[in-house]
Amino acid sequence: MAVRWRTTRPGRIGASRCAAIIAIAALIGASPVQAQLAKPAPRHPNIVILLADDWGFSDVGSFGAEFATPNIDALAYAGMRFSNFHVAGSCSPSRAMLQTGVMNHRNGLGNMPETIPDEHRGKPGYDTVMNHRVVTIGELLKAAGYRTYLTGKWHLGSDATRLPHARGYDRAFSLADAGADNFEQRPIEGMYDKANWTENGKPATLPKDYYSSRFVVQRMIDYIEADRKSGKPFLASINFLANHIPVQAPDSDIARYSAMYQGGWTALREARAKRAAALGIMPAGMPMVTMPTTPDWKKLDADERAAAIRVMQAYAGMATAMDREVGRLVAHLKAAGDYDNTIFVFLSDNGAEPTNPFSSLRNRLFLGMQYDLATANIGRPGSFSAIGPGWASAAASPLSGYKFSATEGGLRVPLIIAWPGHADIRAGGISDGLAHVTDILPTLTDLAGVAGHGGRWRGRAVEPVTGRSLVPMLMGGAGSVHGDAPLGYELSGNAALFRGDYKLVRNLPPTGDGEWRLFNLKTDPGETRDLAAAEPDRFKTMMADYRAYAKANGVLDMPAGYTADEQINRYAFEQQGKPRLIRFGLWVGAFVLLVSGLIWGLRRRRRARG
């Protein structure tokens, strides 16, 4: 692993030098009693988790993005960027692993409710909600004396025992669904019947001036200040809706990018790869693939290009709007004197979203009845839009693939960890050692000096934490904390096994062909050269590692012909389409009966008169 450093912050005194100064001062004039009184009590750090939704690997300025994320970048340069950090290929499994430090098949999210095939429902590990055999970071820190808060997207269960208020959070304003409108209390039409927002476990109403990123930050600030007099440290888990479908942003943020993205997604993908290399995030000149799902920009007609340009402008505006709220939170913590003693963690829940909601005629007709789909309205209130596979290929640059897959573009996302007041976490570090989302919980408890549960919690056995503390990497240690140990993963049939610099991976159609491949991520993070034939012994060993992981975690094979996209459409139809059709059929039936009754009555009268 290479650890690279930006220039350290000026004026910082090293820990050993600081200790020496204190010791000399004590020898010169301080009595033992005075020295004891002068010693400050140890303070647990505050913790802020900033979880973005569907941000691709290079969707942050300090990772290669062209749009503005100055506040997230400031955190990056105040701490460490991890360029080889992995999550799950979709949101709920990542979020459950982040909350618990336990792999997704152990924490209940072997699959999501929207993507699980019927054959797997109810099987061990396939609860589709975070189960009660795991302990959340909220529960751990609350027991250690922390105030615990959560705002934004939850998507880990909606019943009273599974909402965040029941899983360790003192205060929580959360969305139980995969996504919702960003300007009003409205669901993703066709997926849900309502936007399931709750506060402290009870149904909640959004304010009239609601915009998602602004709201989740303001509510978090309100929570922090409401309990400030307690003197306790806080955990603030802020879960943004940005940039999940529907892509929406304030007009001023969209207008900021009105002159950009004319060149299309292929040009943007190449430009981002160059910036990532210049920043030291990716190797210079690394080979890249062109995804087969990437449309040819040159073959789009004028109207298609105009709509595509506008949606990327809205996507950029949505990211910048979120970044501005991060900056507002940081400014508030600085003004309150909390900034230096706060650990900040920024990450995305999975790679960029490639889904095109308008790919079928049925969807186009339905969405056209629910939203204003005019090009000029893209990104505005009342709109519904998504960047699709073209722009998603740029958001994932220079990696291959995107959300739902086990490609690097689906699993590798930006991670930033900063503790501005900690002398040993040097500013501007970049680590390319393997790290995983299950590592976040043990890293935070390690830094905070909070004991883990060790597999037992409140008198009962629970799933042990499988992640490893990243503190040695944060302190500049060489290598990954995972060393050469195998690290398995599976979701919806797409699977991977990481070991050292190597990755064994399989992607089912339509992303892949179901064949296993082997890549050296150190030299080929773009997954362009399959080494399965060239290194048969390694391939065989890692296949055995994956089979052991799958058996230990109860991984099930997917039904023939399964795809996540088709399952989402089936879920939407079952949840919303079928009930709407039934209601429509009942109305039509009632209308037909009414008309038939009128006709029958008229004919009867005529007969009576005749």
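**Entry 1: helix 12**

I looked up what helix 12 packs against. Its buried residues pack against helix 9 (265–278) and helix 10 (302–335). The model I am reading is predicted. Helix 12 covers residues 388–395. I checked how many of its residues are buried, and the count is eight of eight. Among them are Gly388, Pro389, Trp391 and Ser393. I noted helix 12 as mostly covered.

**Entry 2: the whole chain**

Next I stepped back to the protein chain. I found 17 helices and 19 strands in its secondary structure. The C-alpha trace spans about 125 × 60 × 55 Å along its principal axes. Then I looked up the radius of gyration, which is 26 Å. A compact globule with 610 residues would have a value near 25 Å, so the two agree.

I also looked at burial. Buried residues make up 56% of the 610 residues. The chain exposes about 25500 Å², and carbon and sulfur atoms supply 57% of that area. For contacts with a separation of 6 or more, 76% come from residues 24 or more positions apart.

I reminded myself of the background: strands of a sheet pair through backbone hydrogen bonds, either parallel or antiparallel. I then followed one pair. Strand 16 and strand 17 (residues 494–499) are joined in the antiparallel sense over five bridges. I picked out Leu487, and its bridge partner in strand 17 is Phe498.

What packs on this sheet?

**Entry 3: Asn350**

I moved to a loop residue. Asn350 lies between strand 10 (342–348) and helix 11 (361–370). Is Asn350 buried or exposed? Its relative accessibility is 0%, so I count Asn350 as buried. A polar atom of its side chain lies 3.1 Å from the backbone nitrogen of Cys91. I listed what else Asn350 touches, leaving out residues up to four places away in sequence. The list includes Asp54, Trp55, Ser90, Lys403 and Val413.

Asp54 sits in the loop between strand 2 (46–52) and helix 3 (70–78). Its phi is near 65°, a positive value in a residue other than glycine. At 1% relative accessibility, Asp54 counts as buried.

I found a positive phi at Glu527 too, near 55°. Glu527 is in the loop between strand 19 and helix 16. Its relative accessibility is 9%, and the cut-off for buried is under 20%, so Glu527 counts as buried.

**Entry 4: cis peptide bonds**

Where did I find cis bonds? One runs from Ile245 to Pro246, with omega near 0°. Pro246 is in the loop between strand 9 (234–239) and helix 8 (251–255). Another joins Pro509 and Pro510, with omega about 5°. Pro510 took me back to the sheet, to the loop between strand 18 and strand 19.

Conventions. Residues are numbered from 1 along each chain as its sequence is written. This is a predicted model: local features need pLDDT of at least 70, side-chain atom pairs count only at pLDDT 80 or more; totals for chains, interfaces and linings use all residues. Side-chain values use heavy atoms; hydrogens and water are left out. Two strands pair if DSSP finds at least two bridges between them. Helices (H or I, at least four residues) and strands (E, at least two) are DSSP runs, numbered from the N terminus. Buried means under 20% relative accessible area, exposed over 50%, partly exposed in between (1.4 Å probe, protein chains only). Contact means heavy atoms within 4.5 Å. A polar contact is a pair of N or O atoms within 3.5 Å; within protein, one must be able to donate a hydrogen and the other to accept it, and residues adjacent in sequence count only if both atoms are side-chain atoms. The radius of gyration is taken over C-alpha atoms; the globule rule is 2.2 Å times the number of residues to the power 0.38. Accessible areas come from the Shrake-Rupley method with a 1.4 Å probe; for residues, only the protein chains shown count as cover.
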